[in-house]
Amino acid sequence: MDLIERLSIIHRERFGIPPLHVVRAPGRINLLGEHVDYNDGFVLPAAIDRAAYIAFSPTTAPHSTLEAVDFDQQASISAETLPTKTQIDASPLPEWGLYPAGVMWALLEAKIPVMPMNAVFASNVPRGAGLSSSASVEMAFMLAWQTLGGWELPPMQRALLGQKAENRYVGVNCGIMDQFASACGVENKLLLLDCRSLEWKTLPLPDTVSIVVADTGVRRKLTSGEYNNRRAACEEATRLLQRDLPHVKSLRDVNAEEFDRLAKKLPEEIGKRARHVVEEIGRVKQAEASLEAGDVGNFGRLMNECHVSLRDLYEVSCPELDAMVEIAQSLEGCYGARLTGAGFGGCTVNLVSNEKIEAFVQKLAKGYESKTGLRPEIYITRAANGAELVE
Ligand code: NG1
């Protein structure tokens, strides 16, 4: 039984009627431009064919009742319970409930009406794997409330409100990339986003290659501390570079030559973090030209360089991610492989020739298991549409 059918059955069981609608909002992979969204840089993600799904209907109750099928838990929330992060019975909101509650909070802050609903939801985006499961849940709830509310916001506006929910309600200081990809994804296309101006366009991925996601099975720990610490290093680098380059507002404004000239003035660790960001933004610009010219070879090389930089300069990899990348890069048909998302565990993303894909998946799984003793989950994915009404 597929997920939508299952959700519809559960909705009927819980609420006595079939759902009025079903929405889906995808997770994402990022092909290039890692840890640059919060430095006003350029990113190159794609929405994927794994998503959060919500089956829902309006209710005359004054609150929304939400059931997370993956956790087998329910939570009831309303505008009154938002400030205390509790439910209508005053019990604390479960952690998963922070995402829909955050979306409701961000909508109300923007003076957008939120209609009470009964909803059941589930996701096949693995959690904590660098595939933006949280952004997909936020974008799915945003679309569900839009569908019931009779208002309509452009996808980028929904992404911005989702980011606000995550930053200010959930308390994760993320950039815009994840919500953007989940809201704005386009089937079979990569998305090039300027995280400063928020202008974006699609880029083609030749149909001779596929995207393979390899989950190390290692879940990141202590990430928010490490993530915030990397952000702080970038802010510090910006502040120090401003002494010589007063026009600089973020690392996005520093070019490679300027950085080479001034790097010695930075403390070693700050210099390494900033070098990754400056060079990574340069790589995304090169990637744009490579993809427009259909040069997958060069694009793959840029992905490989990105992994080295994340491993050695930004220091957000881990032995399992390095093993997965190293094995992938040694296999026939692999153009590029690197960790995707924040790092410290989770998934790698691989660009692989369609002709070699079956052997690639098999050999990567075998090689990784014999090296680490862990059984990875490896799947071929394709670039999918952003959040949409399915029924
Ligand atoms: P993931 O791995 O999806 O948590 C995080 C940030 C992104 C971006 C990447 C690194 C969150 C929710 N998202 O992604 O905004 O900065 O790391 O490129 O923290």
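**Notes on the predicted model**

1. C334 has a relative accessibility of 15%, so this cysteine counts as buried. The cut-off for buried is under 20%. The model is a predicted one, and the points below should be read with that in mind.

2. A search of the whole structure finds zero of them. C234 is in no disulfide, and its nearest cysteine sulfur, that of C195, lies 13 Å away. C234 is buried, at a relative accessible area of 1%. C334 is likewise in no disulfide. For C334 the nearest cysteine sulfur belongs to C306, at 14 Å. A disulfide needs the two sulfur atoms within 2.5 Å.

3. Aromatic pairs: the whole structure holds seven. One of them joins F71 and W96. This pair is stacked, with 6.5 Å from centre to centre and 15° between the planes. F71 sits in the loop between β3 (64-68) and β4 (73-77), and W96 in the loop between β4 and α2 (98-109), so the pair ties together parts 25 residues apart in sequence. How exposed or buried are the two partners? F71 is partly exposed, with a relative accessible area of 36%. W96 is buried, at 7%.

4. A further pair is F121 with F141. Their ring centres are 5.1 Å apart and their planes stand at 80°, so the pair is edge-to-face. F121 belongs to strand β5 (residues 117-123) and F141 to helix α3 (residues 133-149), so this contact ties together parts that are 20 residues apart in sequence. Both F121 and F141 are buried. The two pairs belong to one aromatic cluster, made up of F71, W96, F121, F141 and W145.

5. Charges over rings. R50 lies over the face of Y379, at 3.8 Å from the ring centre. K85 lies over the face of Y169, at 4.7 Å from the ring centre. Y169 is also one of the buried residues of helix α4.

6. Helix α11 (residues 357-372) passes a length check. Its 16 residues, at 1.5 Å a residue, should span 22 Å, and the end C-alpha atoms are 22 Å apart, which agrees. G373 follows α11 and has a positive phi, near 80°.

7. Which residues of α11 are buried? They are I357, F360, L364, G367 and Y368. Seen down the axis of α11, these buried residues fall within an arc of 95°, so they line one face of the helix. An α-helix has 3.6 residues a turn, so residues three or four places apart point the same way. On the other side of α11, E358, Q362, K366 and S370 are exposed.

8. Helix α4 (residues 155-170) has its own set of buried residues. These are M156, R158, A159, L161, G162, Q163, A165, E166, Y169 and V170. The list includes the residues R158 and E166. The buried residues of α4 pack against α2, α3, α5 (177-184), β6 (189-194) and β7 (200-204). Just after α4 comes G171, with a positive phi of about 95°.

9. Q87 is found in the loop between β4 and α2. At 12% relative accessibility, Q87 counts as buried. Leaving aside neighbours within four places in sequence, Q87 is in contact with Q74, A75, S76, T81, P92, L93 and P94.

10. D40 has a positive phi, near 60°. D40 is placed in the loop between β1 (21-32) and β2 (42-58). With 23% relative accessibility, D40 counts as partly exposed. N188 also has a positive phi, near 60°. The loop between α5 and β6 holds N188. At 48% relative accessibility, N188 counts as partly exposed.

Definitions and conventions: Residues are numbered from 1 along each chain as its sequence is written. This is a predicted model: local features need pLDDT of at least 70, side-chain atom pairs count only at pLDDT 80 or more; totals for chains, interfaces and linings use all residues. Side-chain values use heavy atoms; hydrogens and water are left out. Rings of Phe, Tyr and Trp (its six-membered ring) pair if their centres lie within 6.5 Å; planes under 30 degrees apart count as stacked, over 60 as edge-to-face and the rest as tilted. Helices (H or I, at least four residues) and strands (E, at least two) are DSSP runs, numbered from the N terminus. Buried means under 20% relative accessible area, exposed over 50%, partly exposed in between (1.4 Å probe, protein chains only). A charge sits over a ring if NZ of Lys or CZ of Arg is within 6 Å of the ring centre and within 35 degrees of the ring normal. The expected span of a helix is 1.5 Å times one less than its number of residues. The arc is that of the directions from the helix axis to the C-beta atoms. Contact means heavy atoms within 4.5 Å.
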